[in-house]
Amino acid sequence: MSTLTRKEVEAIAHLARLAITEAEMPVYVKSLSSILTFVEQLNAADTGAVEPMAHPLAGQVQRLRPDVVTEVDRHEKYQENAPQVEGALYLVPKVIE
Amino acid sequence: MHALTIAELSRKLRAREFSSEELTRALLARIERHNEPLNAFLTVTEDSALAAARAADKRLAAGDAGPVTGVPIAHKDIFCTDGVRTSCGSRILDNFVAPYDATVVARLKGAGTVMLGKCNMDEFAMGSSNETSYYGPVANPWDRTRVPGGSSGGSAAAVAARLLPAATGTDTGGSIRQPAALTGITGLKPTYGRVSRYGMIAFASSLDQAGVLTRSVEDAALLLETIAGFDPADSTSVDEPVPPYSMLLEQPLAGVKIGLLKEFFDKGLDAANAACVRAALDVCRKLGAQLREVSLPNLPLSVPTYYVVAPAECSSNLSRFDGVRFGYRCKDPKDLTDLYKRSRGEGFGAEVKRRIMTGTYVLSAGYYDAYYLKAQKVRALINDDFRRAFRDVDVLIGPTTPTPAFAIGAKVDDPITMYLNDIYTIGANLAGLPALSVPCGFVGGLPVGLQIIGPHFSEARILNVGHLYQRETDWHRRVPPGYE
């Protein structure tokens, strides 16, 4: 039975860059603990010599393409979706004082 | 017109019994009338639909039309549509207007289909009831107090309510087949890599696949042959020839070996659902198929395997939503970390945050081997079970879901209960297999789904079995009361 503490959930939320409100926190402590307990069933499987599977189709290899430019400059169109831009730049709060 | 399938519409459009514009206007009026209580559509693209319909009519008149030219469809709001809001059911993309078309969208557009709009869905396709959408739940047309399933719940409800003949969907753990089953329609998840995922917003990249929700297997075949095929823009797309699926539906079932999935007839399966599935197996037997029971001993571990692998991949994929280049940004961020955290904390809903955190935890230092690597090994065991089974049988058959549609709100507070809705569908995603759900009966007025799973790239065979079953039965022609 896995039980996460509030402190552990706060650490996970920080790693995931998620602001979690006071009201949400107890709900996540409880549900993340129950999910981890649920997935502990996997320990029952004997996986001693098993190769982990990362891709559902065996034998597929990463394709390579010639190193040539295929994209055209469409930054104006893409930046229509941006919260804040100046010139061709995306603006964020100052990082270096 | 609204009751016709794509195959029927195609014949009538070519015979000029009505124009695509007339058909499109009729369906837009139907959406206007019925959408509000269902909440199936998030966006209706009336003007571009009418323009596309008029262009299709020109192609039909010029004799330059394919089998789906002039046919109205809609896209799950996970597919990027050039110039049209693509929200993925999330607040974080509420203001996002896609700057390009997904390959699935482009291929259907090129074939002359008419897009009527974008369908509601669970936020980022994470859900089995369409209750996690930022835009509110979708209602099941068979009983509007019940869920339509998810995550392609808007697509399923719209097709079931005869608002249009077909819609696209995506399936990561059952998100096409489960809502198809719960709304009495046909849902096809193709083989991993069969259909391009370019422009389809990523959830779990080793599992996601695009597919279709239709009212007949024949229609699913017509759409699959339009969207399937190699795409250099998707690195997981497989370069395999696309068979003419709609021409291969009539092969006789004599001698076809069907495996009855023993693990699917477990104690969680509703007895009335089981009876519908067993009756469907009798139909297959009468068609000449040979039935035998098959055991996949590791299959009961699919749900816990999935709830490690899928959240892990989602935590990585969803890191791109950071409030910098597109999407929601929080008010007055005090620094960059605050901008990331509050944009994501306010932009994502509860279930998406739960899965990101689950994934972050199972990938974190010290826990990676115990959770993620272990799950990938169990995934290999499940995959081996399927591989062994397909040495003895051509297809596997079982239920799509354990129960018919449940009440809106019934499972929202307990994620584990919600996750177990996908107990019969997740296996095909873990192994990358094609799978089809077709209606096979009713329990208390609610539809039940039959699932047909095949080996990699055996779409022609599973569609063939489903089509011959639909020729013998009329479950797929039943219309929800009030939507006739």
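This is a predicted model: local features need pLDDT of at least 70, side-chain atom pairs count only at pLDDT 80 or more; totals for chains, interfaces and linings use all residues.
User: Where does Lys109(B) sit?

Analyst: Look in helix H4 of chain B, residues 103-110. Lys109(B) is also 10.0 Å from Gly70(B), C-alpha to C-alpha, with 39 residues separating the two in sequence.

User: Now helix packing. At what angle do H9(B) and H12(B) pack?

Analyst: Angles from 65 to 115 degrees count as roughly perpendicular and those over 145 as roughly antiparallel. Helix H9 (residues 302-317) and helix H12 (residues 368-392) of chain B pack at about 130°, their axes 9 Å apart, so H9(B) is oblique to H12(B). The crossing is left-handed.

User: Which residues meet there?

Analyst: From H9(B), they include Val308(B), Val309(B) and Ala312(B); among those in H12(B) are Tyr371(B), Ala375(B) and Ile382(B). By class, this contact has 8 nonpolar, 3 polar and 1 charged residues.

User: And between the chains, how many residues are in contact?

Analyst: An interface's size is often quoted as the accessible area lost when the parts come together. Here we can count residues: 41 of chain A contact 55 of chain B. On chain A's side, helices H1 (6-15), H2 (25-39) and H3 (75-78) each give two or more residues, and H2(A) gives the most, with 7. That side divides into 27 nonpolar, 7 polar and 7 charged residues.

Methods:
Residues are numbered from 1 along each chain as its sequence is written. Chains are lettered from A and ligands numbered from 1 in the order in which they are written. Axes are lines fitted to C-alpha atoms, for helices over the stretch in contact, and angles run from 0 to 180 degrees between N-to-C directions. Helices (H or I, at least four residues) and strands (E, at least two) are DSSP runs, numbered from the N terminus. Angles under 35 degrees count as roughly parallel, over 145 as roughly antiparallel, 65 to 115 as roughly perpendicular and the rest as oblique. A crossing is left-handed if the near helix is turned anticlockwise from the far one by less than a right angle, and right-handed if clockwise. Two residues are in contact if their C-beta atoms, placed from the backbone, lie within 7 Å. Ala, Val, Leu, Ile, Met, Phe, Trp, Tyr, Cys and Pro count as nonpolar, Asp, Glu, Lys and Arg as charged, and the others, Gly among them, as polar.
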